[in-house]
Amino acid sequence: MRLRPVWFFPTRGNAMIVKKPSIFIYTYDPDPDFLREILAGIEEEGVFSEVFARNTENADRLAFEAARDSMLGSGIGLSGVDAALQMRGLPEGRNVEKYHMPTYGECRNLGSNSARAIKKLGLKLD
Amino acid sequence: MSIVAGVDIGNSTTEACIGEFTKGSPVRFLSSSSVTTTGTKGTVANVHGIMTALKEAMEKAGRNVEEIDLIRLNEAAPVIGDTAMETLTETIITDSSMIGHNPSTPAGAGQAAGELLDLDRIGQGTAGKPYIVFASGQHTYEEIAPKINEAAGRLNIVGMILQADEAVLVWNRLEKKIPIIDEVARIDKLPNGKMAAIEVALPGQSIRMLSNPYGIATLLHLDAAETRTITPIAKSLIGNRSAVVIRTPNGDIRENVLPAGEIYLDAPKPVRIALDEGAEKIMEAVAAAGEIRDVTGQPGTNVGTMLERIKNGMTEVSREETGEIRITDILAVDTLAPVLISGALAGETCLEKAVGIAAMVRTQQLPMRKIAERLEELLHTKVVVAGVEAVMASLGALTTPGTQLPMAILDMGGGSTDAAIIHEDGHVTLTHQAGAGELVSMLIQTELGLKNRLPAEMIKRYPCAKVESLFHMRMEDGSMHFVQESIDPRFFGRVVLLTENGPVRIESPLPMERIREVRREAKKKVFLMNAFRALRTVAPDHNLKNIGNVVLVGGSAIDFEIPEMLMEEFTNYRIVCGRGNIRGTEGPRNAVATGLVLSYTGERDDR
């Protein structure tokens with residue numbers, strides 16, 4: 001017998017959450033090493049993440065939209081070698097952190113911070 | 001018409017008050033100012049601060065410093081407060097034997113014991129033996145995980161210690177799950193081949209085995225004598241989420257009880273009391289001793305050097321012979337100080353018992369006259385040294401609306417807590433007690449383990465809050481505060497102090513509750529103790545019930561919670577107690593300076 005997928009849609013009332021709450025990473029031609037480090041940062045903090053390819057090149061815009069669409073309200077935009085961290089509620093362009101050509105350490109921290117923001121822990125700054 | 005300036009030099013601040021006297025009418029106050037005291041109170045170095053204070057005050061009044069006709073300095077009491085701190089116990093670990101460690105993200109759960117094995121030497125491991133593998137930060141998780149997975153078939157690997165913050169990353173890639181601890185900075189100090197035990201607690205719990213001496217004994221096969229020696233380790237690991245204990249057979253861990261020494265009180269009834277009896281006993285002895293002439297410590301012990309240091313410090317600044325400098329009062333407070341364990345690997349600390357002591361140092365008459373002369377030279381204005389500090393403070397305090405004689409003032413400054421009672425006939429009883437704002441700062445600094453005094457000073461002054469989202473913070477009293485503009489992300493998730501210039505971040509990762517508790521306890525220990533001590537000394541028949549009202553003045557009376565703490569306590573004695581409001585405008589500041597200007601009313605000849 002073939003099982004057919006059953007979809008739950010969040011409705012008004014107490015609908016069950018079937019989607020994993022995750023940090024969104026919107027990318028446009030991302031540097032693979034930077035992406036790997038960002039993902040490692042999130043993983044170390046034990047939070048889920050999802051990566052999507054987008055058509056926008058602007059890192060600010062990518063981060064803004066990722067934060068807006070993420071159920072957790074935390075999003076990262078990675079366009080080439082530009083990485084930005086956003087949180088839902090902040091205006092576009094006002095990133096929590098933004099780097100052009102970051103070091104691997106900075107990428108790892110950016111990932112950690114996107115997760116720490118949700119966990120309400122202080123951000124790693126160095 | 002003449003302009004008179006009153007200047008009060010305190011331990012930490014210099015205050016000025018400017019008054020204008022016109023023939024036939026009462027004094028008109030023009031302005032006031034408060035600046036940091038330069039140099040030790042009562043030395044010529046103060047002149048610099050006085051000049052700044054005067055300039056500031058005259059500028060506020062829209063006038064020039066040269067227009068001052070008379071400067072009145074307080075006859076500062078020749079007492080200077082100082083503080084010192086000494087730990088009574090000390091944990092020493094030689095041959096580095098432990099890591100009590102709280103990384104934010106360890107991985108796995110449970111405890112394990114095995115021989116330490118460097119990842120680089122993993123080929124040298126023998127089958128059947130339990131191993132705890134450690135890896136330096138040069139290895140990435142992508143390298144470590146496959147190596148461990150490959151070796152796991154051959155060796156019995158029970159746990160891991162990492163230098164980098166990658167425990168979860170490695171753990172997620174392991175086939176056989178084991179507890180992993182990360183962020184161990186000094187991984188190079190781990191001895192290859194020694195027995196170690198590690199433990200990671202379940203989420204939301206703290207470790208159980210390694211914080212229990214018998215737990216360590218079980219994991220590392222210790223005998224009764226060895227178990228006794230590792231007790232301090234277990235003690236210092238309580239409350240951690242993860243920990244490592246390494247057994248170094250030659251290692252020596254002990255809790256040293258330092259020879260704390262005795263304090264000698266030279267008084268009508270001489271007393272000697274051991275420092276490790278605790279603050280309470282010491283203070284009982286001080287209270288029972290009567291008027292103290294001098295306090296000394298047993299030579300060659302902690303307290304001996306501590307008191308000697310205070311005296312020497314005073315000698316250096318006031319250039320007096322040590323014989324002339326006497327300690328006339330001490331305030332001892334018990335405290336716990338996190339002290340870096342000697343021999344620790346990851347910068348671990350252990351809470352050690354400590355005693356903080358504030359001392360009231362009496363020197364010879366302070367060279368106020370010299371300060372006056374120097375000021376006269378600089379400003380070409382007449383400078384007089386007028387009136388006793390406490391009397392002036394009382395005069396100033398009387399300008400608080402709603403006060404009457406007889407009245408008690410409690411002047412809580414930086415270095416000392418002074419109390420005075422003015423009776424209806426004008427005579428004044430006064431006392432100087434050791435310990436005030438600076439001792440509170442020192443207690444906060446040591447108990448929270450802060451590296452320097454400035455953050456402690458800030459914590460003392462401002463309430464704290466935790467920034468919980470970019471748009472709201474939780475105040476220390478539990479209430480929420482929302483802001484329109486998003487808070488700077490640098491403050492996110494941190495504890496901040498709410499200063500008048502916006503939030504200031506506290507660098508140490510301390511929970512807000514702990515900061516608040518330490519701050520309030522420090523204030524209570526010092527100011528409640530001293531307020532009662534001081535008022536009991538000056539009260540008629542030494543009975544607090546004979547005091548009707550108390551006006552709080554001085555720098556520490558500005559504090560956002562000390563006056564309330566005192567008010568609560570004094571209510572039990574039916575004493576009206578409150579923060580002074582000098583001239584109805586100044587708050588608790590400027591009492592002495594105002595008193596100095598006011599006292600001129602009685603002296604002037606142009607009435």
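**Before starting**

Residues are numbered from 1 along each chain as its sequence is written, and chains are lettered from A and ligands numbered from 1 in the order in which they are written. Because the model is predicted, local features need pLDDT of at least 70 and side-chain atom pairs count only at pLDDT 80 or more, while totals for chains, interfaces and linings use all residues.

The complex has an ipTM of 0.79 and a pTM of 0.77 from the predictor. Where pLDDT is low, the predicted coordinates should not be read in detail.

**Stop 1: chain A**

Select chain A, which has three helices and five strands. Helices (H or I, at least four residues) and strands (E, at least two) are DSSP runs, numbered from the N terminus. The order of elements from the N terminus is β-α-β-α-β-β-β-α. Of its 126 residues, 44% count as buried. A residue is buried if 20 or more other C-beta atoms lie within 10 Å of its own, exposed if 12 or fewer, and partly exposed in between, with C-beta atoms placed from the backbone.

Contacts come next: two residues are in contact if their C-beta atoms, placed from the backbone, lie within 7 Å. Among contacts in chain A between residues at least 6 apart in sequence, 60% join residues at least 24 apart.

**Stop 2: strand β3 of chain A**

Select residues 74–79 of chain A, strand β3, where six of six residues are buried. A:S74, A:I76 and A:L78 point one way, A:G75, A:G77 and A:S79 the other.

Strand β1(A), residues 22–28, runs parallel to β3(A) and is joined to it by five bridges; A:T27 has A:L78 as its bridge partner. Strand β4(A), residues 82–87, runs antiparallel to β3(A), with six bridges, and here A:I76 is partnered by A:L85. A hairpin with two residues between the strands is formed by β3(A) and β4(A), and A:G80 in the turn has a positive phi of about 60°.

**Stop 3: where the chains meet**

Show both chains. The contact takes 16 residues from chain B and 16 residues from chain A. The chain B side has six nonpolar, five polar and five charged residues. Ala, Val, Leu, Ile, Met, Phe, Trp, Tyr, Cys and Pro count as nonpolar, Asp, Glu, Lys and Arg as charged, and the others, Gly among them, as polar.

**Stop 4: B:E56**

Select B:E56 in helix α1(B), residues 46–60. B:E56 counts as partly exposed because it has 16 C-beta neighbours inside 10 Å. Leaving aside neighbours within four places in sequence, B:E56 is in contact with B:S33 and B:V35. For a distance across the chain, pick B:T229: it is 173 residues from B:E56 in sequence and 62 Å away in space, C-alpha to C-alpha.

**Stop 5: a three-stranded sheet in chain B**

The open sheet β16-β15-β17 of chain B has antiparallel pairing. β16(B) (271–274) and β17(B) (294–297) are the edges, each with a single partner strand, so one side of each is left without a neighbour in the sheet. The twist averages 20° from one strand to the next. Axes are lines fitted to C-alpha atoms, for helices over the stretch in contact, and angles run from 0 to 180 degrees between N-to-C directions.

β15(B), residues 262–266, pairs with β17(B) over four bridges, and B:I263 has B:G297 as its partner. Helix α6(B), residues 279–289, packs on the sheet, touching β15 and β16 of chain B, and its direction makes about 175° with that of β16(B).

**Stop 6: helices α9 and α14 of chain B**

Select residues 389–397 and 591–599 of chain B: the helix axes come within 7 Å and cross at roughly 90°. That makes α9(B) roughly perpendicular to α14(B); angles under 35 degrees count as roughly parallel, over 145 as roughly antiparallel, 65 to 115 as roughly perpendicular and the rest as oblique. Residues in the contact include B:M392 and B:L395 of α9(B) and B:V592 and B:L596 of α14(B). By class, this contact has eight nonpolar, five polar and one charged residues. In α9(B), nine of nine residues are buried.

Terms used
Two strands pair if DSSP finds at least two bridges between them.
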